[in-house]
Amino acid sequence: MAETVSEHSPKVLVVEDEKLIRRFVRTSLEEEGCRVFEAGTSAQGLIESGNQKPDLVILDLGLPDGNGIDFIRDLRGWSDVPILVLSARSHEKDKIQALDAGADDYLTKPFGVGELRARARALLRRQSRGGEAATPVIEFGDVTVDFSRRMVTRNNDPVHLTPIEYQLLCVLIANTGKVMTQRHLLREVWGPSSVESNHYLRVYVGHLRQKLEDDPTQPKYILTETGVGYRFQP
Amino acid sequence: MWILSREQNDWLSSLAGWQRIALAMLVCATTTLIATPLLAYLDLANIVMLFLLTVLLIAVSLGLKPALFAAFVSVGLFDFFFVPPRFSFEVHDGQYLVTFAVMLAVAIITGQLTAGLRRQADESDTEALRTRALYEMARDLSGALMVEQVAEITRSFLRDVLNANATILLPDGTGNLKACAGQDDARLQIEPRFALIAFERGTPVECKQLADSGFALLYLPLKSPMRIRGVIAVGPAVISADGKTAQLLEQRERLETMASLAAIAVERLHYVDVAQSTQVQVVSERLRSSILSALSHDLRTPLTALVGLADSLTVSKPPLGDVALETAVAIREQAERLAGLVGNLLDMARLHAGEVTLQKEWQPIEEVIGSSIKLLGRALAEHPVKVSLAKDFPLVEFDAVLIERVFCNLLENAAKYSPPDTTIEIDVKKRDGFVAVAVSDDGQGFVQAKGTALFKMFVRGNPESSTPGVGLGLAICSAIIEAHAGTISAANRTPGGACVTFTLPLGNPPAIEEEVLPQKMSVNRG
């Protein structure tokens, strides 16, 4: 894994006020072959993201000099760099706000190096793949989704999906690896007037799991982010 | 009243009945004396006018009775001294009889009218005095800071204005009425039964029979806008003739006004108390919540650094030696445990502080089971979890984050206290309007059936157990389930193993409209 750091290595900006947390985030990402820049305040973070044009921003929501949500909104004004948010457990509202403001994923403190690297890798991969044409066929587990023919098969048997189920699956797959808030999914699938009907979303996710997962009570692909939303992870 | 100054008026009104009449006679005699020399210049008709004026003045200043006397005396004097033949009551000209009759009638009528006016003026004067006293009492009451002050102000009003004695009775906590402090000098005796009747029914109770022997005459409820705050017992200040009690009863309306003023003052003081204690509560809540969030931040930040730094040691390049690696792993595990403990403690504090508002939503319960199993990850590596749940189980309303916490704690316990590679079972069933969730394992079970003690803070099944833990997990589960209006209980299974069952109310889940399937989609299904 000891990748050499070069001009082409991805750049990661860590905006976090606690020096020791910055330090281990830096060492673990550098071992992934990233170039890491640090900022201790959100003001400094905004300047650094302008100067360095990072490929990934890791942001602590509890910065001393202001609201992390405002940082995301500011940054989203001129950049669509992936943002990974760090937040404490039991602050689900903050996470939802951050995700709705444009953050891509979150990590709950405390977190291990493995989790951090996996999330960072996934976001960087999404970023680098941004230019490529989307593939018409996606496979996960024993399920194949063929977008060109609007067909879903499991073990080569056709799976019957209703239009809403199909659309929900499409939105989840289109945002692979990304946490989708309930509000976001409802808006995408049911339209802007249904953003409060969370139970619809839950029931339809349940249907998808029944049809696509081996054990719907312990899903492997369509994952629940409790209190926040859902994530598709092939 | 209009002509006499206040002091003169007071002096006149202090005279006894016979003195007034004597005075009236004297005034009539004076008029005669003044009129006698004038007879040379004036007609008799004008002399009559002088007498009429005299009667009028007497009526104004001395009242009705002297005025009536004066009327008759004036007619007599006029006849005797002025009508020819003078110095005799004989009348030669019959016309004078008419003069006498008219004079008498006019004197009586004006006397009566003015005396009536006078009385009314007097009454409205005392009325004004009492109203002002009532107003002053209201003003004093609005400044009162303690119930004792209210009692004192009310009592001094009654003493000064109505010449009455009073005691304020307030309910103590036990349903009895007690005289409020600071009224020890009151010589008024209270019959508690009457006071209680007035308090409970909210109507005044009157008791004339006992009033003469020093008991209170009237028991007035202190009726405030919200409820009855107490009773005020009123009796005459001097126990004497019946006249006093009758006088007091005439003032009943005023007494009731006074009682409602006192009631409003007592109620105001009650709400001042309520507001003060609420404010204290709010301040302490705010303090607690800010301490909590500061603690939560200050504890979590170093723990995050500790877990992360230890974890980065375990994967560092070049790899650590075996011993060092083992140490690094141990540090990470202990730090994670500490983080979990701090999380539990903060959750418990937050739940106890009442800071948690449930974010209840209708959702399938299997979703939160799945996410808890995934969240525990490594801790459940040696324990497969079997979930039994009907396929079309209804939606349940709960706070997903908190119920996930319950599942995590229960599963973690089950994994901790059962041998590796044994299955943990989660069984979800409907039971009497509740959903019952049982989490069971194949471990050694609970040491003894401790009933609800297990769900108290810092209680462990086996206090000396070598398995790590401080006995918070089940306490948090219990607090969360209680907040959801559910129940939680623990039992041992046969042949072995522990089983914790909790219930959540089922309620009426919202309807999900069936999706309308357009025909063209069928193409996509095959």
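## Helix α14 of chain B

In this predicted model, the buried residues of α14(B) are G473(B), L474(B), A475(B), I476(B), C477(B), S478(B), A479(B), I480(B) and I481(B). The helix spans residues 473-483 of chain B and is mostly covered, with 9 of its 11 residues buried.

After α14(B) comes A485(B), which has a positive phi, near 65 degrees.

## P505(B) in strand β12

Strand β12 of chain B covers residues 498-505, and P505(B) belongs to it. With a relative accessible area of 28%, P505(B) is partly exposed, because that value falls between the 20% limit for buried and the 50% limit for exposed.

Beyond its neighbours within four places in sequence, P505(B) touches V396(B), G433(B), F434(B), H484(B), A485(B) and G486(B). A485(B), one of these contacts, is the residue with positive phi that follows α14(B). V396(B), another of the contacts, is 109 residues away from P505(B) in sequence, yet the two C-alpha atoms are 7.8 Å apart in space.

## Cysteines

Over all chains, the structure holds 0 disulfides. C408(B) is in no disulfide, and the nearest cysteine sulfur to it belongs to C477(B), 9.5 Å away. A disulfide requires two cysteine sulfur atoms within 2.5 Å. C408(B) counts as buried because its relative accessibility is 7%, and C477(B) is among the buried residues of α14(B).

In chain A, C34(A) has a relative accessible area of 4% and is therefore buried.

I34(B) has a relative accessibility of 51% and so counts as exposed; the cut-off for exposed is over 50%.

## Chain A as a whole

Chain A contains 8 helices and 12 strands. Of its 234 residues, 54% are buried. Among contacts in chain A with a separation of 6 or more, 58% are between residues 24 or more positions apart. The chain exposes about 10,100 Å², and carbon and sulfur atoms supply 48% of that area.

The average pLDDT of chain A is 86, and 94% of the residues score at least 70. Within chain A, confidence is highest in strand β1 (residues 11-15), at 93, and lowest in helix α5 (residues 113-129), at a mean of 84.

## E165(A) in helix α6

Helix α6 of chain A takes in residues 163-174, and E165(A) is found there. E165(A) is buried, because its relative accessible area is 2%, under the 20% cut-off.

Which residues does E165(A) contact, leaving aside its neighbours within four places in sequence? They are H160(A), Y204(A), H207(A), L208(A) and K211(A).

Technical notes:
Residues are numbered from 1 along each chain as its sequence is written. Chains are lettered from A and ligands numbered from 1 in the order in which they are written. This is a predicted model: local features need pLDDT of at least 70, side-chain atom pairs count only at pLDDT 80 or more; totals for chains, interfaces and linings use all residues. Side-chain values use heavy atoms; hydrogens and water are left out. Buried means under 20% relative accessible area, exposed over 50%, partly exposed in between (1.4 Å probe, protein chains only). Helices (H or I, at least four residues) and strands (E, at least two) are DSSP runs, numbered from the N terminus. Contact means heavy atoms within 4.5 Å. pLDDT is the predictor's confidence in each residue, from 0 to 100. Accessible areas come from the Shrake-Rupley method with a 1.4 Å probe; for residues, only the protein chains shown count as cover.
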